[in-house]
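Trainee: Could we walk through this fold together? I'd like to start with the confidence and then work through the packing.

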Amino acid sequence: MTVHIQSLSPGNCPALVLNADFRPLSYYPLSIWCWQDAIKAVFLDRVNILSEYDTLVRSPSFEMRLPSVVSLKSYVKPTRFPAFTRFNVFLRDRFTCQYCGEREDLTFDHVIPRSKGGVTSWENVVAACSACNLRKADMLPSVARMWPSTEPYQPTVHDLHQNGRAFPPNYLHESWMDYLYWDSELEE
Ligand SMILES: [Zn+2]
């Protein structure tokens, strides 16, 4: 009889969710379900289990290993554009201040200040260090004489994917690696 050592608690066992074509359902943010959602989808017959943790969950009526990778049974059309989130703005700008190149103490800057009618959008928000953010204050770039090193733009998933390998998520289970970063490796 095999005794399974539960080295990870279920709370630390998220499942990577792949589309029916075995690519992640989403890269940014990476499509991850908590173990409860993953198990629910298994019982609803919506996913196939491709890989498992050693961690078992038990109830009086069943026992199973927690899925570490699942794939949807029906294909979902992926979105071309990543969500406009703080993380994705940092990722587009490679976690670098767009004014001075600093990598520490990052925040966000509206290129056209909100007080001058600037909106919060991909095209007007850049990563900036606190010092530059403070220095630019409420000024237009031409007044502050500060311009972002790259004009802010709406990135595609592909754009973020190019930058993503250098800044992986905090948690990557080894079983996920087969499904991540493959296409960017092919392009090198
Ligand atoms: Zn700076």
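Here is how that conversation went.

Mentor: Before you ask, this is a predicted model, where local features need pLDDT of at least 70, side-chain atom pairs count only at pLDDT 80 or more, and totals for chains, interfaces and linings use all residues. Residues are numbered from 1 along each chain as its sequence is written.

Trainee: What is the mean pLDDT of the protein chain?

Mentor: pLDDT is the predictor's confidence in each residue, from 0 to 100. It stays under 50 over residues 1–7 and also over residues 183–188. Where pLDDT is low, the predicted coordinates should not be read in detail. Still, 90% of the residues reach 70 or more, and the chain's mean is 87.

Trainee: Is β1 covered on one face or on both?

Mentor: A residue is buried if 20 or more other C-beta atoms lie within 10 Å of its own, exposed if 12 or fewer, and partly exposed in between, with C-beta atoms placed from the backbone. Ala15 and Val17 are buried on one side of β1, and Leu16 and Leu18 are buried on the other. As for partners, Ala15 bridges to Trp33 in β2, and Leu16 stands opposite Val69 in β4.

Trainee: Which strands do the buried residues of α1 pack against?

Mentor: In α1 (residues 35–43), the buried ones are Trp35, Ala38, Ile39 and Ala41. They cover an arc of only 160° around the axis (taken from the directions from the helix axis to the C-beta atoms), which puts them on the same side of α1. On the other side, Gln36 and Phe43 are exposed. Contact means C-beta atoms, placed from the backbone, within 7 Å, and the buried side packs against β1, β2, β3 and β4.

Trainee: Which residues have the most contacts inside the largest nonpolar core?

Mentor: A nonpolar core is a set of buried Ala, Val, Leu, Ile, Met, Phe, Trp, Tyr and Cys residues joined through C-beta atoms within 7 Å. The largest has 17 residues, and β1, α1, β3 and β4 each give two or more of them. Apart from it lies another core of 10 residues, including Tyr99 and Cys132. In the largest core, the residues you want are Ala15 and Val70.

Trainee: Why does Pro152 count as buried?

Mentor: Pro152 lies in the loop between α4 (141–144) and α5 (157–164). Beyond four places in sequence, Pro152 touches several residues, among them Val111, Trp122 and Val126. Asp93 is 59 residues from Pro152 in sequence and 8.5 Å away in space, C-alpha to C-alpha. Pro152 counts as buried because of its C-beta neighbours inside 10 Å, which number 20.

Terms used
Helix = DSSP H or I, 4+ residues; strand = E, 2+ residues; numbered from the N terminus. Contact = placed C-beta atoms within 7 Å. Pairing = 2+ DSSP bridges.
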